[in-house]
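Here's a quick tour of one protein chain, going from the overall picture to a single residue. Have a look at the structure first, then read on.

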Amino acid sequence: MNPSSRDDAMTPVTEPGICSRCIMNDAVSGVFLDGNGVCNHCHLHDKLDRLFPLDETGHARLLKIVERIKREGRGRTYDCIVGISGGRDTCYCLYKCKELGLRPLAVHFDNGWDSEIAKTNLRNVLEGLDVDLHTVVADWEESRELTNCTIRASLPYIDMTDDVGIVSALYRTAAREGVRWIIHSHSFRSEGINPLRWNYMDGRLVRHIIRKFCRIPLRFFENVELRHFFWWVFVKRIKTFTMTNYYDDVGEEIDELLKSRFGWQDTGGWHFDNEIFGLVCRYSRVKFGIDWRLCELAAWVRTGVMARDEALRRMTEVPAIESDEVVNYALKKQGISAEEWQEVLAAEPKYYTDYPTYYPVLKLLSPLIWLLGRLQVLPAHTYEKFFKT
Ligand SMILES: [Zn+2]
């Protein structure tokens, strides 16, 4: 049997319930329309846009923070840590860091799914910018098992433990190197913000999932618990800076610059730099009705990069990354048979609210999280993502 034979149906997007400005749908968890039919994600975009204007005021603030990062990096080999995947956004962020005179250490988390193009891009950009690289390689057997744990837990985002691996790699490298700043390249302008229910994760959830669903002993995986965060933030004084908030990162110009300066290659499609993403998308869309393109395409409509009609049209197509070839390759690599895959899709969907998490504690700490976001300790949109979506 073809493991993907039942996955062709696409949920049609109908006009009622769709934001009149972007394409967010009020059927999606945490999306609400106001009296004018405009969604809360559009209002959040406007709020962040006011908070991080791309005018002279915003640029002056960027330069001020960069000066602070340089000052706090004096006497050290590196000013800051920049996570890099080989994709467009992280490569451009690294370029901006160098352009602003920072001395970054690039950190890459290798989960065993990097595409050949992503690896070549990574090498070319690092060489071109003369930036040192520290790669954290996940143990493949463990990495695979952890992804399968999330699948067995029936949670929507099966790449969860790789994201934990990235956070762990960034903070642990910063702590070891004595670096005070981690530069993030998440962009509310070009990526939007995913609803919390889609990909919430924390150390307690991960610990529980491992205890309940893991079938092999883990020797290398390092979870990120609240106590680790407290250690990194309050003892090691590590701060984060979402630099993307301060520069314009939308549009084709970024791709063109990377191509001409570094021979950077487009991976040929959305998220194609990470080969597990075809499986991530198929699984979420078929089992949960979650389409990971939604927030990004909605963001492109808000910034005028894509026409609303075109974005709505694209949402009716099955994403190219979900080709049977890509999905079946990923299933084989994960060791999941066709029969198991059907069982996975048929199992009852679960969310973070079905498992023990730190969320109730974080909710009590929400004023502190708001403050830490404004003080550059946590990414600025953390509060909005955790408590407003
Ligand atoms: Zn909207």
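## Charges, shape and one histidine

This is a predicted model. Start with the charges: the chain carries 51 positive and 55 negative side chains, and the centres of these two sets sit 8 Å apart.

As for the fold, the chain has 18 helices and five strands. Its radius of gyration comes out at 20 Å, close to the 21 Å from the globule rule for 389 residues, so the chain is as compact as a globular protein of that length.

| Property of the chain | Value |
|---|---|
| Buried residues | 56% of the 389 residues |
| Contacts joining residues at least 24 apart, among those between residues at least 6 apart in sequence | 80% |

Now zoom in on one spot. Histidine 108 is part of strand E2, which runs over residues 104–110. Is histidine 108 buried or exposed? Its relative accessibility is 4%, and under 20% counts as buried, so histidine 108 is a buried residue.

What does histidine 108 touch, leaving aside its neighbours within four places in sequence? Its contacts include Ile84 and Ser85, then Asp114 and Leu122. Leu133, His134, Thr135 and Val136 are also in contact with histidine 108.

Methods: Residues are numbered from 1 along each chain as its sequence is written. This is a predicted model: local features need pLDDT of at least 70, side-chain atom pairs count only at pLDDT 80 or more; totals for chains, interfaces and linings use all residues. Side-chain values use heavy atoms; hydrogens and water are left out. Helices (H or I, at least four residues) and strands (E, at least two) are DSSP runs, numbered from the N terminus. The radius of gyration is taken over C-alpha atoms; the globule rule is 2.2 Å times the number of residues to the power 0.38. Buried means under 20% relative accessible area, exposed over 50%, partly exposed in between (1.4 Å probe, protein chains only). Contact means heavy atoms within 4.5 Å. Lys and Arg count as positive and Asp and Glu as negative; His and the chain ends are not counted. The place of a charge is taken as NZ of Lys, CZ of Arg, CG of Asp or CD of Glu.
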